[in-house]
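Trainee: Before I use terms such as strand, pairing and contact, I would like to see what each rests on.
Mentor: Here is the model; we will take the terms in turn.
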Amino acid sequence: MASPVIVPPAAPKAARATRGAARRAGGRRLLRHLLRLLISLAVLLVASFAMLHLIPGDPVRAALGPAAPVELVEARRAALGLDRPWLEQLAAYAGNALTGEFGTSFISGQPVGEVIAARLPSTLTLALLATALSLVVAVPLGMWAAIRTENGRNRGTDTAFGALTGSAVAVPEFLYSIGLVSLFSIALGWLPPAGKSGPESYILPVLALAIGPAAMIARLARAQTARELSADYVRLARAKRLPALRLHLRHVLPNTLTATLTTGGLLLTALIAGSVLVEYVFAWPGLGARIVESITLKDYPVAQGVILVYGVAVLVVNFLVDFLIALLDPTSTLKES
Amino acid sequence: MRIENLTVRYGAFTAVDDVTLEIPPGAIVGLVGESGSGKSTLARAVSGLVPHTGRISDGRRVQMVFQNPYASLDPRMTIGQSVAEALLRLPARERGAEVERLLDLVALPAKVMGSYPRELSGGQRQRVAIARALGAEPELLVADEITSALDVSVQGAVLNLVRELRAELGLSILFISHNLAVVRYVCDTIAVMHGGRVVEEGPAERLTTEPAHDYTRALLAAVPRLTT
Amino acid sequence: MRNRSGLAGLVIVAALAVLAVVGPLVWGAEAERMDSTAILQGASAAHPLGTDNLGRDILARVLVAGQFSLALALAATLIGAVVGTVLGALPAVLPRRGARLVTGTVNALVAFPGLLLAMFVAVVTGLGAKGAVLGIGAAVAPGFARLTQTLAASVAGADYVSAARMLGVPRHRILVRHVLPNIAEPLILNLSQAMGASLLALSGMSFLGLGVQPPDFDWGRLLFDGFPRIYVSPEVALGPAVFIALAGIGFNLIGDALVKAARRAAVLAPEKVAAPPAAEQERDPHAVLEVRDLTVTFPGGVTPVRGLSLAVAPGEIVGLVGESGSGKSLTAAAIGGLVPYPGVVTSARLDLDGELAMVFQEAALNPALKVGGQLAEVATVHQGATRAEAWAKAVDRLGHVRLPDPARNARQHPHELSGGMRQRAVIAMGLMGRPRLIIADEPTTALDVTVQRQILKLLREVVEETGAAVLFISHDIAVVGELCDRVVVMYAGRVVEQLPADQLKAARHPYTRALIDSLPDMSTDRSRPLASIPGRQPAPEAVGDGCAFAPRCPLATARCQAERPPLVDDVACWEA
């Protein structure tokens, strides 16, 4: 040991905050996000209630057509509660919605809650599989492209990656669906063209739904990785002569992932909407086909219920993404958003 | 000009804590401290950019020159247009000549009027920022770390300029820096800030030779020196 | 390369625009002509893409539909852009509560996918183009609002806006002269992408039968009509599908190219530089580092380091000092083998005797990993230590650089430590091995002076204890003068002088002297002006044949302009 007089370095503000305090701050943040989620859900509930009331004229008459007898229209109006004051209606609607009660279909007479319960699992499976597939493929692909083209190396890869993902992002999922069906079902006959049967029936819909978001996430991951690669900590890690694999997986990946998810999270909600189109093409027994049908046929209770479910899905996905980022990012517990 | 009991709070955090400071006419008062000492917040409060409590008497015409010369000029405006913004009170036809005079004051040729900030070096941009501030005929010029983004070889010229402007225009200047040697060279009196408070204040020569406060002593001891 | 894809996008979109204008004029009649003898046909010579249920030619209808498809997308985009920009600008003028409400609403809406909002609107307005356009417009708006908000906030916080406010420039003038011009460009760039997205979303709505209704038709509607027939004659869906995809790709390519063009500077083509064979010269047996004729070249004749020679003795602290652009950091990178692609390093000799450690600024710690792990991996990777051994060693080294609680600090993330503690940790990382040379690149630049002093002291202690040599790179000649045994001064990629640190005040090179004189210290005469150096250092591609400092030098002669002075007797100057 050298000189005996040592000035101890001052403890920083952040370090003075104990682990407990950090955890409390993280807890507060989680609570705030939860609160925001609840408010958003309430607003969404009001919006879906208002939807029916924003329809110009009488929605029941519009749905049943001019030829329908007056008694039937009146009975339907009463069943929907449209003859009561609107605040009372809202209260009833909210109360019912919370218990999974969304009225009955104009067309089939089936309770909307049952329709949703029967069809939601199919939609969820599709969306989750597509999410998993796009993340698993896109993040490594984007990182690989960034590492290969660092500082302008490998122009060929750069051009190919840019053109491929750029085009893939710009083609909508319904075209992927039609293209995949044409090729693999009609031309080659390898896979079923529609419906949900065995595991092989999942392949095409999941692919169609995943390609677009995967391309977008790959681009984000690449841009973010490129940024990370020029960061000081990478220079330091290189100076430590770490093997490339360790440098990229242990040092770069965690940083890339947080930032990619922050922007990529929104894509997962886009995927929820995309599932409507994909389900329509593949006649998938999920909510997507049902919502299209209900809007076309003016089956308002079904449309209202299903749109509400989609809205809730979007809000919950956002909440989960925020939560995940908070878990991944070591600085986030102390950082106020 | 006199700053009395000035306090700036950000939520529960007190950045500037009850600071009282006198800036006599024609004097250069230095403000030194480390990051987080509150010196830059004080500068912004005096310039009216940050809400604060306390009194600033005779502080009507204050102009500030910022630390980063790359951010303080609008990239889409020519140098002439940027400086002319300080001269809106003049009729449009008189502004050109006045801009020229101001640029001359900071030793820049008139031909830079048509240039954009990106065509100028950091030192030149800092001169433009000073010229713009002078255009408003300030009673007090606040200079916030104006040389810390500059290379050493340019820094000397900007410091000389600050001293010349005081000599020629009798300008009062609040000069903020983390560099005690720079502050000692430029300023008449020095105030040392630590944790949002002024811990010591006095004539530059005395404060740097006979510091009274422990923190001032620590700062002085930390100044790197060339051995001879 | 990317410009080429932008060009491709431009060509596609221009072609579509021409089609939109010309299509209905040329094929309008053909698209409406019914033929009861040719109902629901597949491809034929007369009807390359077949016919629809009324015997109308599908190809003609696809070519005509371009106008309506693009017009609807344009309408939705404009609605979205106008509403969004207004929404985004509102928080700037509203009182705080109103502003927060608008911001909150926008933030919530941004998350909602366009199709969902469009379906919501479709329920309310009924099926048709109007509902779809309004819905998609509503979906585009939050994106623009968010962008406007972020941009406006960053511009409003800019120093030049603060300066204008202090000058008493009126609010409306600040908005018009400063804020709007600086946010307009990115907003306009965003239009192209929004246009593509609108077109795809509208096509999607029509494809679901929720958008355009007969007798009107857009590409999405044609796809809706053709879709049930793809099992029999897939070609009927081909036309609209291709055009939708083309339009989407075209707008997206343009958008990408615009964004990139706004962002990036020209990248020069790489160029091969052959390394000269290392001349066999006598090696200095006492040096831990010996560098001769080190040159770093980048494509385009950019040569930031030019024939630099340097030797460091064991246990010696050498300062490498220079202003930004002098090549000092690239010299360090070249010695450490860290010059980024496409830089090319050549040298007559680059000998390093023993292990090298590099120390950077404290910000160089990986923010995502625990401090201890970042140290420990050096031992697991290079010394074959087990994880437990490596961790123990990391804690030991952290204690060595006198972190207050090494065991706890090792488990912390970098942001939980102060700047000075982080800098200590970075030094500790260098001490995980047994370095004979430590290269420290501006390790104290971001630190406060009192902390800087502690770090300098620590470095000296490390040298005394380990016997390692230090190459200390800094722009601050005072710091270098205080810490180092010997100082090497760089200018425009070359060494102009080297001298013992205690001789700095007696420097011979006019540049070194000017550097020292322009830097006030605690004994500077306050009654005299500081020295300053007119002009600026030449850029690495603009260094001429003569002395690079000559244009700024008070002593320069004709010889200095023409002929470069070699480093003789530790100084490179004809006049010294």
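Mentor: Strands (E, at least two residues) and helices (H or I, at least four) are DSSP runs, numbered from the N terminus. Two strands pair if DSSP finds at least two bridges between them. This is a predicted model, in which local features need pLDDT of at least 70 and side-chain atom pairs count only at pLDDT 80 or more, while totals for chains, interfaces and linings use all residues. Residues are numbered from 1 along each chain as its sequence is written, and chains are lettered from A and ligands numbered from 1 in the order in which they are written.

Trainee: What makes β5 and β9 of chain B edge strands?
Mentor: Six strands of chain B form an open, mixed sheet in the order β5-β6-β7-β3-β8-β9. β5 (62–65) and β9 (197–203) each have a single partner strand, so one side of each is left without a neighbour in the sheet.

Trainee: How do you know that β3 and β8 of chain B pair?
Mentor: Four bridges join β3 (residues 28–32) to β8 (residues 189–194), and pairing asks for at least two, so they count as paired. The two strands run parallel, and B:L31 stands opposite B:A191.

Trainee: Which order does the sheet of three strands in chain B have?
Mentor: The order is β2-β1-β4, with antiparallel pairing. β1 (residues 2–10) and β2 share six bridges, and B:V8 stands opposite B:V16.

Trainee: How many residues of chain A and chain C does the contact take?
Mentor: The contact (C-beta atoms, placed from the backbone, within 7 Å) takes 69 residues from chain A and 70 from chain C. α11(A) gives the most to the side of chain A, with 12 residues.

Terms used. Contact = placed C-beta atoms within 7 Å.
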